[in-house]
Structure formats: structure tokens, C-alpha cells
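Have a look at it first.

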Amino acid sequence: KTLQKLLSGIALISSAYFGFANKSFSQETTTTLETILAKPHVKEILSHQVYVPKMNGRVIYVDDVATTGSGTLEDPYNKIQRAIDNAVDGDEIIVASGRYLENIYFRGKNIILRSTNPTNPDIISQTIIDGNQSGSVVTFSRNESTSCTLEGLTITNGKAANGGGINGNGTNATTQNNIIFNNTAYHITVYNPPHGQSYSIPDGKGGGIYSSGGAVQNSVIYGNQSNSSGGGLKVWDGLIQNNLISNNSADDVGGGVSSSDVIIKNNIIIRNSAGRGGGIFASQYIWNNTICYNMGGGISWASYRLGNNILWGNNPYQKDEYVTPSYSCIQDWTSGGVGNISLDPQFVDAENGDFHLKSTSPCIDAGMRIENLLFDIEGNRRGIKGTSEQRGDGSNYDIGAYEYNPSKSVVNSTIWNMYE
């Protein structure tokens, strides 16, 4: 049974293509979950958890090889939606590895929906909800609280006007430890003015995720597309942290992220594309991100505060003229600001996706202390002394998503056996 499910999952993802044939930069034109998991930082991101959800209700089980079932461990449901329909606030739904051809709706219920081990990257990649290009793969309502959690799943092959992968609809739910892969937001709005010729504009929003409120964290958001804004995410009033956001595209703005009133911290945002803001288009707070090799620029229209970010190799600019950054490493930067440097950040192996800092990196200890930002993308404590030189504001915070840690110790590590 396990082998059958694994082969089925690999076959499904191996057949999923996302095209960048019309883009003017080099990206993979065909990607599988196997190649995503093989990238140096992916398993560390997916296996770390900053929030462990708990519920006090029933545990409901789902397994795609079951018959209709009753939701018990011995007699599970075979559809995720059936489990949700029979759940109430406080319940937890555990989904066995497999391929679930569904478009699911939370219906405002404060529940946990997860795989059997949401911090095991292999389990995550083998527990697949496939939207079959028939709408958003996952849809929330406006009524879920932060205790409602979607975790440890692969969300793929959705297509909708808003949120091909996940349509949040104003939810405050927590989305974590997921792979959001190969989803599309596509919509054409037609205008018929009383005088003059009718016209249409592309209006798809959030290829991977469309949401407001809540947290999107410790996830891989990869290979999603929008014909307007937010190839990876279109988000407002929320938190985006500890994610890999890569190889997404938007025809207009925000290849990686299009946002407003959002905190974006500890993310690796690389190789996305858009007309403007290939990495990020608009946000309120942008802290300790590694933003590299995006087409359409690194950051565009940031509205308030930027600090401790690495902006390198973005084309045609690293950031536009809005907001002066602080304590950041920005290629060819000459426009002032406190603590900014323009030296090569010295990644371990950027070409192959490893954006850790070498021991000789000028970004080590060169940042500023940011309140409530205590750990890096992998759970290493910020402020570890990594050089004998006096750099930055003296807090020893590094610039970028990774904190250089000579001892490689992880202070805030994942508790693996929580789900065993």
C-alpha cells in the first residue's frame, strides 16, 4: 500500500508542468517534488515549526484507499471534504499519504487539517491534494481563527480567479509546513463603458495563495502563476515568515509576493518574475529576507520599513526609490541609509540554491536588532557572535534569512516525535 501511494504521488507530480517559456531569464521549465526536496534548504524549512497547534476534540482519519468509512482509525473516510463536513470546532483531521482529487472548503470551522507527520518533508510531499484545475484547491471562509491550521500537505494543480492553491477569503487561519506548487490564478475582467469600446484586463490574484490575516510560514511556495498580481502570494494584513518563495510568476506585479500591511520576515525569495516587483511588490515591514535573482526587480513600492535584507542579482534593479533601507546588503547600493553595505554577501552555493552565509561573509553580525525577531528561518537564535569585528548596530544580528552559526546548534528545534 505504501509503495503504491508513493508511486502514485511521484507519477502525479512528474506529470505537472509549469511553463516559463516566454520569460527572458533562465529557470527550470519542468520541476517535480523530488527536485524541490533535493534543494539544499527545503527540508530544513519544512521540518522546522514555530507553532504546534493543539485541539481538544475528536481525531478524524482520512485515507484515499478506504471505502466511504466512518472517520475512525480503523474505518477512515476516503475524502477530505467528507471529514471536514462531519467535523466541529476543536476536531483534528489526519490525512494518510496519497493523492486526493478534491477542492476542499473549511466552512469556517476551527479545526486542524494535517498529514500524518507535518514536519516530515517526505510525508508532506506524498500527501497531495490535487485541485484538478477545477477551482482553488483549498478555500477558507472569513470565520476561522488563528487556531485553525492547515499543515503538512502538498497543495497543487488548482486554478481559480483568486488563490489557485489557497483562497483565504479573509481568514485568520494558520498555514504552515506545506508545499504550494504549480497553481494558477487566472481571470479576465471585461468592462463595457456606456460610451466607447469595451475592453478587458487580466485580473487573477494569488497563484499560490490569496489571503488576508493569519500566518503563512515554514512552507515552500514554488512554481505558481498569476495573470495579474501575486504569482506566489497575494496577501494583506498577515504574516509571511520562514518560507522558500521561488520560481513563481505574475504578469503584472509581485512575482513572489504582492502585499500590503504585511510583515515579511526570514524568507528566501528567489528566481521569481513579474513586470514590477519580481520579488516583492509593496509591504509594510520587510525584515531579514534573502531576495535574489528575481526578474522585474527585487522590491518595488515598499511602504514603510526595510532592514537586514540581502538584495542581490535582481534585474533590472534591487529596489526602487521608495523607502530607504537600513542595515542591508544591496548590490551596487549608493543611495545612503544607515548601516547598508554593497559587498558580495558570499553565499555558500547560490547557483545550486544554498543561500547560507560563508564564514567570511560581510553580512555576519552586520545587521540591526529587530524586536520580536529572535530566530532565523531554520530556528537558530539571532545575535550569535560570528566574527571578531565590530559590525552593524552591535546586536550581532546577521543580514539575510540565515543566521551564521559556527556551532550549527539549533536552539528552537522541531519536536519530531510530536506526530509519531
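## The cavity

There's one cavity of 30 Å³ or more in this structure. By cavity we mean a set of points, on a 1 Å grid over the protein atoms alone, where a 1.4 Å probe fits but cannot get out. Points are joined across faces, edges and corners, and the volume is the space filled by probe spheres set on them. For the largest cavity that comes to about 60 Å³.

Its lining (residues with an atom within 4 Å of a point) is made up of Phe140, Ile166, Thr171, Ala173, Thr175, Ile209, Ser211, Gly213, Gly214, Ala215 and Val216. Two elements give two or more residues each: β17 (209-212) and β18 (215-217). Strands here are DSSP runs of E, at least two residues long, numbered from the N terminus. Sorted by type, the lining has six nonpolar residues, five polar and no charged; Gly goes with the polar ones in this scheme, while Ala, Val, Ile and Phe count as nonpolar.

## How the model was read

This is a predicted model, so local features need pLDDT of at least 70 and side-chain atom pairs count only at pLDDT 80 or more, while totals for chains, interfaces and linings use all residues. Residues are numbered from 1 along each chain as its sequence is written, and side-chain values use heavy atoms, with hydrogens and water left out.

## Gly152

Gly152 sits in the loop between β8 (149-151) and β9 (154-156). Its relative accessible area is 0%, so Gly152 is buried (under 20%, with a 1.4 Å probe and protein chains only).

What does Gly152 touch, not counting residues up to four places away in sequence? The list is Ser115, Pro118, Ile124, Thr127, Gln176, Asn177 and Asn178, a touch being heavy atoms within 4.5 Å. Take Ser115: 37 residues from Gly152 in sequence, yet 5.2 Å away in space, C-alpha to C-alpha.

## Thr387

Further along, Thr387 is in the segment after β36 (354-357). Thr387 is buried too, because its relative accessible area is 16%. A polar atom of the Thr387 side chain lies 3.3 Å from the backbone nitrogen of Glu389. Leaving aside neighbours within four places in sequence, Thr387 is in contact with Ile364 and Asp365.

## Confidence

pLDDT is the predictor's confidence in each residue, from 0 to 100. The chain's mean is 88, with 90% of residues reaching 70 or more. Residues 1-29 are below 50, and this stretch has 57 contacts in the model beyond near neighbours in sequence. Residues 409-420 also stay under 50, with 30 contacts beyond four places in sequence.

Definitions and conventions: 1 Å grid on protein atoms, 1.4 Å probe; cavity = no way out; pocket = protein on both sides within 12 Å on 5 of 7 lines; lining within 4 Å. Helix = DSSP H or I, 4+ residues; strand = E, 2+ residues; numbered from the N terminus. Buried < 20%, exposed > 50% of the residue type's maximum accessible area, 1.4 Å probe, protein only. Polar contact = N/O pair within 3.5 Å; in protein donor to acceptor, adjacent residues only side chain to side chain.
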